[in-house]
Amino acid sequence: MDAPAIPLPEPEIAPEVHARRWLILAVLCLSLMIVIIGNTSLNVALPTLAAELDASTSQLQWMVDAYALVFAGLLFTAGTLGDRWGRKGALQAGLLVFLLGAAFASTADTAQAVIASRAVMGIAAAFVMPSTLSILTNVFSAEERPKAIAIWAGISGGGAALGPIASGWLLEHFFWGSVFLVNVPFILAALIAGALLVPSSKDPAESPLDVPGALLSIIGLGALVYAIIEAPHYGWLSGQTLLTFGVALVAIVAFGARERTARFPMLDLSLFKDRRFSVASAGITLTFFAMFGTFFLMAQYLQMVLGYTPFESGLFQLPFAFIMMLVAPRVPKLVARWGAARIVPVGLTFTAGGLAAFSSIGVDSSLAHVYASVLPLGLGMAITMTPLTTLIMSSVPLGRAGVGSAMNDTTRELGGALGVAVLGSVVTSQYTSGIGASLVGLPDAARGVVDSGLAGALAVAGQVGGAQGDALALAAKQAFVDGLNLAALVGSAVVFVAAFVSWKLLPRTTPAPFVSPPRDDDPGLAEPSTLVD
């Protein structure tokens with residue numbers, strides 16, 4: 001049963017703010033692109049970083065996941081602080097810290113230093129990303145919000161594909177640290193434009209930070225993401241993995257208990273009674289499960305199996321970006337006509353179909369074959385992201401838009417971490433079992449390198465040379481592709497289930513925009529956010 005919804009009064013948007021709302025959206029989208037590109041641009045650089053910094057497979061994974069771990073753990077706290085103290089300040093501070101993290105990463109000379117800088121960038125992103133969406137919801141009227149969110153979502157997905165292109169070009173023309181400097185001019189532009197154009201806004205209730213809730217959310221989400229990341233390494237049923245999942249479960253349950261009794265909770269748990277909020281959160285999680293997992297494996301497949309350069313690998317994803325940015329802004333019209341309950345399952349079905357097609361690629365597949373899987377995946381995400389994000393934000397009071405945005409971003413990060421960990425674990429397991437026969441006759445040290453992953457196997461094959469080296473390289477590529485095929489099937493099955501569940505559970509009626517039941521103990525939650533120029 002959905003929670004009863006009471007329409008909220010629209011916030012009073014100052015005429016001068018309303019007049020420049022599309023310029024404000026451009027600044028917000030630029031800030032969002034910085035965070036997205038800063039994350040996805042690293043994927044095509046992983047083989048280069050492995051060679052330049054002598055990084056292990058585990059260290060490469062942590063270069064990706066340190067960002068996600070810190071980002072996911074801090075999102076609720078950062079969103080709440082933005083609501084309380086001002087979203088513009090949170091956005092500007094986050095951009096500045098992101099700049100410092102990127103500069104530190106570009107000068108790092110060890111894998112550990114890159115991992116540490118990525119963690120700093122994750123802290124910054126936790127303040128930037130929720131601020132962009134929460135400011136957006138308070139700058140646009142209810143009638144224009146779906147269109148603005150659609151543009152925001154299209155930029156989000158498009159940026160995920162543009163990052164590898166920029167990274168690949170830089171790697172071919174400059175030193176490896178340049179992949180972290182690609183955002184510097186954009187950060188400076190966003191800081192200046194944001195200071196001039198973006199209005200200040202915050203929760204008028206000025207609710208104090210729920211410190212116990214904040215600590216429990218950081219521990220719970222951080223432990224959950226850490227367990228997901230490390231499970232493929234230690235084993236999903238190992239003592240360490242189960243213990244970490246246990247810590248996450250205890251902290252999350254304690255967080256829920258705290259939020260039920262706190263006078264000023266960080267997250268109103270009654271929101272989960274609204275199927276718009278709960279089903280949309282699950283849908284975004286699985287959408288990003290598919291996207292991040294696929295991008296993580298795709299970059300390795302294109303470079304190490306098909307032999308493309310980093311730049312060529314990035315260019316391959318350009319059509320994905322075009323689809324996201326062209327289709328997503330047009331989705332609100334489809335939702336207005338057919339309803340989110342029909343459009344979301346269609347988008348998820350396209351995504352699942354793309355993954356199913358990806359399960360048939362081989363060690364010598366043509367680009368046309370690979371595109372046959374990637375394009376439906378991009379189309380499905382473009383169709384799905386806008387209505388799911390709108391459903392989440394329409395379930396949350398405008399005064400707590402930062403918390404709603406944090407929930408939206410948390411589901412993305414959890415889904416992305418799950419995609420990399422689960423699909424990566426499937427590939428690793430299949431690779432390990434498939435490469436076993438090729439280890440016969442190799443020295444013990446070489447066996448360990450080959451067994452560590454495809455990059456190590458190709459390095460050993462190059463050292464061995466001759467027919468034996470060629471045979472080892474082919475066997476390693478085939479074992480990796482077999483794992484890739486199985487991982488794609490797993491992802492496809494999961495997203496198909498999500499499509500069916502969303503068809504059954506999403507409300508068929510279109511609710512009034514941006515509504516939420518008022519709380520007797522916190523009337524400020526039912527008030528529109530303050531917005532000042």
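The model is predicted: local features need pLDDT of at least 70, side-chain atom pairs count only at pLDDT 80 or more, and totals for chains, interfaces and linings use all residues. Residues are numbered from 1 along each chain as its sequence is written, and side-chain values use heavy atoms, with hydrogens and water left out.

**Whole chain**
- The protein chain holds 21 helices and two strands; these are DSSP runs numbered from the N terminus, helices being H or I with at least four residues and strands E with at least two.
- Of its 533 residues, 59% are buried (under 20% relative accessible area, with exposed over 50% and partly exposed in between; 1.4 Å probe, protein chains only).
- Take the contacts (heavy atoms within 4.5 Å) between residues at least 6 apart in sequence: 84% join residues at least 24 apart.

**Helix 12 with helix 21**
- Helix 12 (residues 275-305) packs on helix 21 (residues 466-505) at about 165 degrees, with axes 10 Å apart.
- Axes are lines fitted to C-alpha atoms, for helices over the stretch in contact, and angles run from 0 to 180 degrees between N-to-C directions.
- The pair is therefore roughly antiparallel (over 145 degrees; under 35 is roughly parallel, 65 to 115 roughly perpendicular, the rest oblique).
- Their crossing is left-handed: the near helix is turned anticlockwise from the far one by less than a right angle, whereas clockwise would be right-handed.
- Contact residues include Phe289 and Tyr301 in helix 12, and Phe480 and Leu484 in helix 21.
- The contact residues divide into 16 nonpolar, three polar and two charged (nonpolar: Ala, Val, Leu, Ile, Met, Phe, Trp, Tyr, Cys and Pro; charged: Asp, Glu, Lys and Arg; polar: the others, Gly among them).

**Helix 12 with helix 16**
- These two pack at about 30 degrees, with axes 11 Å apart.
- Helix 12 and helix 16 are therefore roughly parallel.
- This crossing is left-handed.
- Thr287, Ala290, Thr294 and Met298 in helix 12 meet Leu348, Thr351, Leu355 and Phe358 in helix 16.
- The contact residues comprise five nonpolar, three polar and no charged.

**Helix 16 itself**
- Buried residues of helix 16 include Pro345, Gly347, Leu348 and Phe358.
- Their cover includes helix 12, helix 15 (331-338), helix 17 (367-394) and helix 21.

**Thr244**
- Thr244 lies in helix 11 (residues 239-261).
- Its relative accessibility is 14%, so Thr244 counts as buried.
- Beyond neighbours within four places in sequence, Thr244 contacts Ala223, Tyr226 and Ala227.
- Leu224 is 20 residues away along the chain, yet its C-alpha atom is 7.3 Å from that of Thr244.
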